[in-house]
Amino acid sequence: MLLPILADKLGVTIDELFGRSAHDSKPMSDTIRDYLSSIPGDKRLYELFALSLAMFSGLEPMAGFIDDADKTVFQIRPSAYANVGFGDDISWLRTLVADDSGIMLSVFAEDCPMTLILPEPGCGYKHNLATEEEYTKLFAALGRKNAMKVVLWLASGDSAGGNYIHASTVSQGVGISQDEAEEILSDLESAGLLGAMNIGYESKSIRAYSLNDCCGLVPFLYLARWILLRNSAMYCAICNRKKPYLK
């Protein structure tokens, strides 16, 4: 019964107390996997997010950010939102680390838990980007009037589950004409955001659409908001990167 207490006081593991070397322990990846497996399924993803606090603290020297009262480097805050000092401007409190090895972006908050970790591959980030033409087509389609209304409406309804929807249904849901809905849906399909299929109906064929990837759309919209916030609301920013982001 005294072994755990003694190990805690000495700041070592029980294995180390018995002289077992570090290489006798199983890999950290296995430890994390086993730990997450012990967490209820509906809480595992949030617990993995909580572990990102420890990852963040280990990336860079953090002495200047330690709270002397409780020696806590960071805590998960109840809310991601704070007044950033510009009147009533309320914005995300964000945290980032960027150096020549990669990028980590986080919002440490219960109502907006987010962590993106992008270690830079040897070939660089640019090697894995889409083409300039593909990006141009995507943003041109999203830049059309009412296009974002259509995308958000689709992501909020049956289309998010893979069901196909006709332009007439979209026009009614968004409040635009059917002709405009058909043009927007066609552009979004061409850009790769929507899938489409022809459905036989009353001896004729109609075109129906569905979102291709809601799981990718939500992070995309989160990161778009991150960019729109610029540097107005940083909880902590450590940027020691010397080389260009895209080489």
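Helices are DSSP runs of H or I with at least four residues, numbered from the N terminus. In the predicted model considered here, helix 9 gives the most to the lining of the largest pocket, contributing 6 residues. Classified by residue type, the lining of the largest pocket consists of 26 nonpolar, 3 polar and 3 charged residues.

The second largest pocket has a volume of about 260 Å³. Its lining is formed by L45, Y46, L48, F49, M55, P113, M114 and T115. Two or more of these residues come from each of helix 4 (44–59) and strand 5. Helix 4 accounts for the largest share, with 5 residues. By class, the lining of the second largest pocket has 7 nonpolar residues and 1 polar residue, while charged residues are absent.

Attention is now turned to helix packing. Two packed helices are described by the angle between their axes and by the distance between the axes. Helix 9 (residues 214–229), noted above for its part in the largest pocket, packs with helix 6 (residues 147–155) at an angle of about 130°, the axes lying 11 Å apart. Angles of 65 to 115 degrees count as roughly perpendicular and those over 145 as roughly antiparallel; helix 6 and helix 9 are therefore oblique to each other. The crossing in which helix 6 passes helix 9 is left-handed. On the side of helix 6 the contact involves M148, V151, L152 and A155, and on the side of helix 9 it involves C214, L217 and L221. This contact between helix 6 and helix 9 contains 7 nonpolar residues, with no polar and no charged residues.

Helix 6 also packs with helix 8, at an angle of about 75° and with the axes 10 Å apart. This angle makes helix 6 roughly perpendicular to helix 8. From helix 6, A147, V150, V151 and L154 meet I184, L185 and L188 of helix 8. The contact of helix 6 with helix 8 has 7 nonpolar residues and neither polar nor charged ones. V151 of helix 6 takes part in the contact with helix 8 as well as in that with helix 9.

A further packing arrangement involves helix 7 (residues 167–174) and helix 8 (residues 178–191), whose axes come within 8 Å and cross at roughly 110°. Helix 7 and helix 8 are therefore roughly perpendicular to each other. Their crossing is right-handed. The contact is made by A167, S168, V170 and S171 of helix 7 together with Q178, A181, E182 and L185 of helix 8. In terms of residue class, the contact of helix 7 with helix 8 has 4 nonpolar, 3 polar and 1 charged residues. L185 of helix 8 contributes to this contact with helix 7 and also to the contact with helix 6.

Note on methods: Residues numbered from 1 in each chain as written. Predicted model: local features only at pLDDT ≥ 70, side-chain atom pairs only at ≥ 80, totals over all residues. Heavy atoms only, no water. Axes fitted to C-alpha atoms, helices over the stretch in contact; angles between N-to-C directions. Parallel < 35°, antiparallel > 145°, perpendicular 65-115°, else oblique. Left-handed = near helix turned anticlockwise from the far one by under 90°. Contact = heavy atoms within 4.5 Å. Nonpolar A, V, L, I, M, F, W, Y, C, P; charged D, E, K, R; others polar. 1 Å grid on protein atoms, 1.4 Å probe; cavity = no way out; pocket = protein on both sides within 12 Å on 5 of 7 lines; lining within 4 Å. Points joined across faces, edges and corners; volume = space filled by probe spheres on them.
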